Amino acid sequence: MKKFLLSSLIVTNAFAVTGIGEYRYGPDTTENLACELAEERAKEDAIIKYVGQSVEAQIKEECMREKCVFHRDTFSELNGYIKSLTKKEIEKQLFPGYSACVVTIEAEVAGINNTIIFQVDGKFDVKHEEEMTFKLVSNRAGKVGMFNYHGNKYYKVQEAKFASQRTEIMLPYDKTKKLVAMVPDGQKQSKELVTFLFSEKDIVFKNEYSTLEMKNLIASIPPMNRKVVNRYVNIVK
């Protein structure tokens with residue numbers, strides 16, 4: 001029993017854009033890692049400045065007796081990619097109690113129109129020890145990995161293949177395994193981030209990734225060949 005803790009590409013002309021990223025670090029984060037993460041933020045900043053980003057929102061209503069609370073989850077998707085870096089500057093800054101690495105880049109940025117359709121449906125408000133299933137739909141053949149993010153790492157939960165275009169599959173793909181929602185010990189509720197990574201390339205998924213490794217994995221797949229869907233799963237006892 002598995003515990004669940006929870007395109008074709010149309011390219012416009014590329015333009016040189018300046019991006020700035022900052023990442024603070026201390027005893028638990030090395031300077032080199034902080035600068036790598038700051039560079040990733042600088043790249044995202046450059047893309048957003050040139051082509052913007054798409055924001056998907058989910059609004060849920062939770063009511064107890066006569067009191068209702070609305071929860072809004074947002075997920076962003078960049079509408080471009082970095083073709084090349086033409087300049088990079090790294091600056092280390094010291095402040096009381098922490099240090100920061102600031103990376104400034106100049107990059108060639110191109111916009112994309114990703115025509116991959118990849119959708120994830122399922123129940124995202126569940127109870128402790130409830131069995132879960134997800135329906136995945138794609139207009140392309142390819143491979144999908146399902147990951148649960150917790151403890152600053154992405155853990156592979158399931159993977160499956162779309163054998164042909166316009167295919168629907170169910171997770172868990174292996175009927176001998178189950179996905180069971182589990183609230184961590186000592187807690188009454190848990191909000192788990194789940195990432196579904198679709199790739200037209202037949203890549204090999206590892207069992208776990210750090211945040212930076214997951215960013216690098218996604219970046220290694222050409223923008224026209226990938227789609228990422230993030231969802232939050234709320235688990236209550």
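These are my notebook entries on a predicted model of a protein.

**Entry 1. Overall counts**

I began with the whole chain. The protein has 237 residues, and 40% of them count as buried. For secondary structure I noted two helices and 17 strands.

**Entry 2. Strand E13**

I picked strand E13, which covers residues 167–171. Which of its side chains are buried? I found Thr 167, Ile 169 and Leu 171 on one face, and these are buried.

I then looked for a partner of E13. Strand E10, residues 134–138, runs antiparallel to E13, and five bridges join the two. Within this pairing, I saw Val 137 standing opposite Glu 168 of E13.

**Entry 3. The disulfide**

I searched for disulfides and the structure holds one. Cys 35 and Cys 101 form it, with their sulfur atoms 2.1 Å apart. Where do the two cysteines lie? Cys 35 is in helix H1 and Cys 101 is in strand E6 (residues 98–111), so the pair ties together parts that are 66 residues apart in sequence. I checked the torsion about the S-S bond too; it is about 110 degrees, so the disulfide is right-handed. Are Cys 35 and Cys 101 buried or exposed? Both are buried.

How many salt bridges does the structure hold? I recorded 16.

I took Glu 31 and Lys 92 as one case: their side chains meet in a salt bridge at 2.6 Å, N to O. Glu 31 lies in helix H1 (residues 31–51) and Lys 92 in strand E5 (residues 80–95), so this pair links parts 61 residues apart in sequence. I noted that Glu 31 counts as partly exposed, at 34% relative accessibility. Lys 92 is also partly exposed, with a relative accessible area of 42%.

Another salt bridge joins Glu 39 and Lys 43, whose closest N and O atoms are 3.6 Å apart. These two are four residues apart in helix H1, so about one helical turn separates them. Glu 39 has 15% relative accessibility and counts as buried, because the cut-off for buried is under 20%. Lys 43, at 23%, is partly exposed.

**Entry 4. Arg 140 and Glu 200**

I moved on to a salt bridge between loops. Glu 200 pairs with Arg 140, the closest N and O atoms being 3.3 Å apart. Glu 200 lies in the loop between strand E15 (189–199) and strand E16 (208–210), while Arg 140 lies in the loop between E10 and strand E11 (142–150), so the pair ties together parts that are 60 residues apart in sequence. I looked up the exposure of each partner. Glu 200 is partly exposed, with a relative accessible area of 28%, whereas Arg 140 is buried at 13%.

Technical notes
Residues numbered from 1 in each chain as written. Predicted model: local features only at pLDDT ≥ 70, side-chain atom pairs only at ≥ 80, totals over all residues. Heavy atoms only, no water. Buried < 20%, exposed > 50% of the residue type's maximum accessible area, 1.4 Å probe, protein only. Pairing = 2+ DSSP bridges. Salt bridge = Lys/Arg side-chain N within 4 Å of Asp/Glu carboxyl O. Disulfide = S-S within 2.5 Å.
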